[in-house]
Amino acid sequence: MDKPNTLWNAWKRNAESEPGRDAIVHWIAGEEPFRWTFKSIFEAAKKFSSFIHNCGIKKGEVCAIIIRHNANLYPLYMGISRTGALPAILAYPNPRLHPDKFRQGLEGMAQRSGLDYILTERELEPIIRPLIEKPGSTIRNVFFPLEWDLTKPADESLDEEIESIAGSVKETDYFLVQHSSGTTGLQKPIAITHKALLEHVDICNEALKVTGQDKVVSWLPLYHDMGLIGAFHIPLASGLTSIHISPFEWILAPVLLVEAITKEKATMCYMPNFAYNFLAEKIPAEELEGIDLGSMRLLINGAEPIRSESHEKFLDQFVKYNFNPLALASVYGMAELTLALTYSEPGKPLTTLRLDRNKLSEGRVKFADENSVIRTCISCGKLIKGADARIVDVNRRELPDGFVGEISVKSVSMFEGYRNYPEKTAEVMQDGWYFTGDYGFKINDEFYVIGRKKDIIIVAGKNLYPEDIEETVNQLEGIIPGRVIAFGEEDPELGTEKVSVVAETKLESEKEKNVLRVEILKAGMSIDVNINKVYLAPPRWLIKSSAGKPSRKANKERLISGEDPLIWSR
Amino acid sequence: MITDELKKVILKQLNLDEFEINDETTAPEVPGWDSLSHVNIIVAVEEHFKVKFKSMEVLKLKNVGDLQRLVDSKLSK
């Protein structure tokens, strides 16, 4: 068979060549997992495609999927693609997220992404239905695919018609829409073509020295590029098994991941940094009996800054369960590039540099000496094939090795711009280069990421925009309008950041301040952000930036560095 | 009915002085009680009552009333 030109054709090839092999192992805590073979998932996808077609969904239209961990999610996704429509997985709202906030976020997202249909669970109907009826809404209808009866025999003439639609899809057509991480309606939509994804599959497999024996295990949500592309699309298109654990179950019972590795003999897994700490410290010792991680070939750290202490904690705990330290690996990438830009070399130790922290903050890479305050930096590896990257200064001029600057990139799997968002695209793209907003440096062809241009807070691999938090907190009574800042504070125990808020208030008594603090925490909850620490400052305490707004960076430094008696915190 | 003792352990772990918690209360209703802090609350409850929960038992908890019943069942053994 020729090399497939669309994902549907890749799935068809796998259904024909490896019909009985496990495609997706859908993990459910305390139960036998549900197993899709390459043949059975393909047949189920065909059935879903008939329903999608009968719903009136057409080629090129975007179908948002908002469904919890469910075995039918995968063939539904594939069925949408067969009709030429574009699947886009969105996060199922956390119960703490206020329904109005969820609706507003979805509305904002729909306008940008051009969401045409929403495929969800019945429970969300009361929230979503009003969006369709609203004048000017881009969303045309809502459907409940988990209620569709898949036991009915397929209508053969309809199936032929859909297959011919699938055959008319070109490799340069868009395949999916994924969103850059973020909160509410601020996520940026990224459409990826069949060609970009299929090339990325081959390039990533080559970089990671993937063989037919590999099995990917994941607890990552599928609305995140690392979960969607790394753990779902790449194995599914390559004919490899992937095992999917619910992120909600995993966070409550992290033992599920090591159990799945042991039972399924998984070889690869992507995780954000905090998960290394979480696994090392939060599994009850008696539940680790019988755990064997000897099959793991690559445990790939990505989606938030890599901390060497997290790797050390992980090794301290799991080497005794046969985890090979050389399986620790790293990735740097972003949804705009489909997934990856760099990978560390499989089976080799990660390059770790001990640098002078002060020099680094001045933008220079200098190895630490006896007088240095040390910052340990872990390499994200080398560029994958078809990718190029430069470190640039504020004027976007290339800097030599050893200088810190913004990472700008180009790759064959890169997006063409944010969907329906030309002004944002213009900000980040120039002459074919995408400017990532991440700060880093390069030494001996290896890339190191050390910070971010924007004040994004990364909590457990999830990007939060301080503007969202500030806007919500700003509406509270007792706070001086416009005098709120949100920022991230490092949590070494958990290996990630936590959200802090500082606000100016005229309130003086301890009791009033405590009440205001709880209101601030609740405001965070309404947008599904857990605020960890609240600082309250008297009027005019916050330092303003040149633009006249309170400066996040300067105020964060001032709060963290000193014990100002004027500051109340809890 | 949840006991004052359990309520105090939860509120202390969440750094809250007072917050209405009853049998029906679920984690997302309580400030600070998210999926990342959940495991710390469970450990605090285990340590306070000198009991041990299995991961599967923790996964099945739907509200604070369930947590109270789980504690009670461990203490009565």
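Predicted model: local features only at pLDDT ≥ 70, side-chain atom pairs only at ≥ 80, totals over all residues.
View 1. Along the principal axes, the C-alpha atoms of chain B fill a box of roughly 30 × 25 × 20 Å.

View 2. Of the 77 residues in chain B, 21% are buried. Among contacts in chain B with a separation of 6 or more, 47% join residues 24 or more positions apart.

**View 3. Domains of chain A**. Chain A is divided into three parts: domain 1 covers 7-252, domain 2 covers 351-452 and domain 3 covers 457-569. The centres of domain 2 of chain A and domain 3 of chain A, taken over C-alpha atoms, are separated by 29 Å.

**View 4. Crossing of helices H7 and H8 of chain A**. Two packed helices are described by the angle between their axes and the distance between the axes. Here the axes of H7 (residues 194-207) and H8 (residues 225-238) of chain A come within 10 Å and cross at roughly 85°. H7(A) and H8(A) are therefore roughly perpendicular to each other, since angles of 65 to 115 degrees are classed that way. On the H7(A) side, the contact is made by Leu197(A), Leu198(A), Val201(A), Cys204(A) and Asn205(A). H8(A) contributes His233(A), Ile234(A), Ala237(A) and Ser238(A). By class, this contact of H7(A) with H8(A) holds six nonpolar, three polar and no charged residues.

Terms used. Residues numbered from 1 in each chain as written. Chains lettered and ligands numbered in written order. Domains from an automatic or database assignment. Buried ≥ 20, exposed ≤ 12 C-beta atoms within 10 Å, placed from the backbone. Contact = placed C-beta atoms within 7 Å. Axes fitted to C-alpha atoms, helices over the stretch in contact; angles between N-to-C directions. Helix = DSSP H or I, 4+ residues; strand = E, 2+ residues; numbered from the N terminus. Parallel < 35°, antiparallel > 145°, perpendicular 65-115°, else oblique. Nonpolar A, V, L, I, M, F, W, Y, C, P; charged D, E, K, R; others polar.
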